[in-house]
Amino acid sequence: MVHHTSEEIKSNQAREGETDLSQLPEVPPGMLIPAPSSTPRKRTRWPDAIDVIFEKDPACNNIFEALLYQGLWAIFFHRIAHFLYNLHIPVIPRLISQFARLVTGGIEIHPGARIGKRFFIDHGAGVVIGETAEIGNNVMLYHQVTLGATGWWRPGPGRKQKRHPTIEDDVTIGVGAAILGPITIGRGSKIGAMALVLESVPPNSVVAAKPAELLVKSGEPLAKHEELTQGWEMDYQI
């Protein structure tokens, strides 16, 4: 039996292009850390729209499961609607997008949105992508993400001008995040769950919303939050 030292194991992993997840830094709960720079897997023989599902969702075990993903069908219908939209064909692109919304559990992508390759929506529910949104390659969205405008009541550049975000390549956007307005999320950035982003983000950045805090423990307000809980009636229900 051949024994290898830890240094030899790390060296072998580096040569094989694998990521030693045990070496990732420890961070407090609720904080987001960048994903490994390389994915320890081989490309499949399937097209990009399917291959990216195997890459980014360990729960997908075979092609039959991949074909059940709502995000896959959302992007399939969007490609058709976007093609017709660019031909200035009226009504039909919107009918396709609304049909896709119905069959995908609420993924609403305007036919005018421009989406790159290897786009993946995990879980695929309640996603909204506006008309002038632009999405680069290898972008991943979780459910309930909104790429929207800032509201019709605000001064804007006009109906056909840029109103929605630009998401550059290799961006990941967490569940419930809202990115609003004609801003840019730089390449390689990570947007955490429930974040509200109203300003452009430089490349390779991390944006995280403040995690929930424990105010009352076992019926007693915590000392550091006592001033926040004075006068409250704790009648919240799930």
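**Aromatic pairs, a parallel sheet and salt bridges**

F77 counts as buried, because its relative accessibility is 18% and the limit for burial is under 20%. The model is predicted. F77 forms an edge-to-face aromatic pair with F76, at 5.4 Å centre to centre and with 70 degrees between the planes.

A search of the whole structure finds five aromatic pairs. One of them joins W73 and F77: the ring centres are 6.4 Å apart and the planes stand at 40 degrees, so this pair is tilted. Both residues belong to helix α4 (residues 70–86), where a spacing of four residues separates W73 and F77 by about one helical turn. W73 is partly exposed, at a relative accessible area of 36%. Ring pairs also bring in F99, giving a cluster of W73, F76, F77 and F99. Elsewhere, a charged side chain sits over a ring: R45 lies over the face of W46, 4.4 Å from the ring centre.

The next feature is a sheet. Strands of a sheet pair through backbone hydrogen bonds, either parallel or antiparallel. Here four strands form an open sheet in the order β2-β5-β8-β11, with parallel pairing. Its edge strands, β2 (114–115) and β11 (184–185), each pair on one side only. Within the sheet, β5 (residues 134–135) and β8 (residues 166–167) run parallel and are joined by two bridges. I135 stands opposite I167 in β8.

Charged side chains supply a further set of contacts. The count comes to nine salt bridges. In one of these, the closest N and O atoms of E55 and R118 are 2.5 Å apart. R118 is buried, with a relative accessible area of 15%, whereas E55 is partly exposed at 22%. The two also belong to a network of salt bridges that links D48, D51, E55 and R118.

Another salt bridge joins the side chains of D169 and R187, at 3.1 Å from N to O. D169 is in the loop between β8 and β9 (172–173) and R187 in the loop between β11 and β12 (190–191), so that distant parts of the chain, 18 residues apart, are linked. D169 is partly exposed at 22%, and R187 is partly exposed at 45%. R101 and E108 meet in a salt bridge of 3.0 Å, N to O. R101 is partly exposed, at 38% relative accessibility, and E108 is partly exposed, at 23%.

Key. Residues numbered from 1 in each chain as written. Predicted model: local features only at pLDDT ≥ 70, side-chain atom pairs only at ≥ 80, totals over all residues. Heavy atoms only, no water. Phe/Tyr/Trp six-rings, centres within 6.5 Å; stacked < 30°, edge-to-face > 60°. Buried < 20%, exposed > 50% of the residue type's maximum accessible area, 1.4 Å probe, protein only. Lys NZ or Arg CZ within 6 Å of the ring centre and 35° of its normal. Pairing = 2+ DSSP bridges. Salt bridge = Lys/Arg side-chain N within 4 Å of Asp/Glu carboxyl O.
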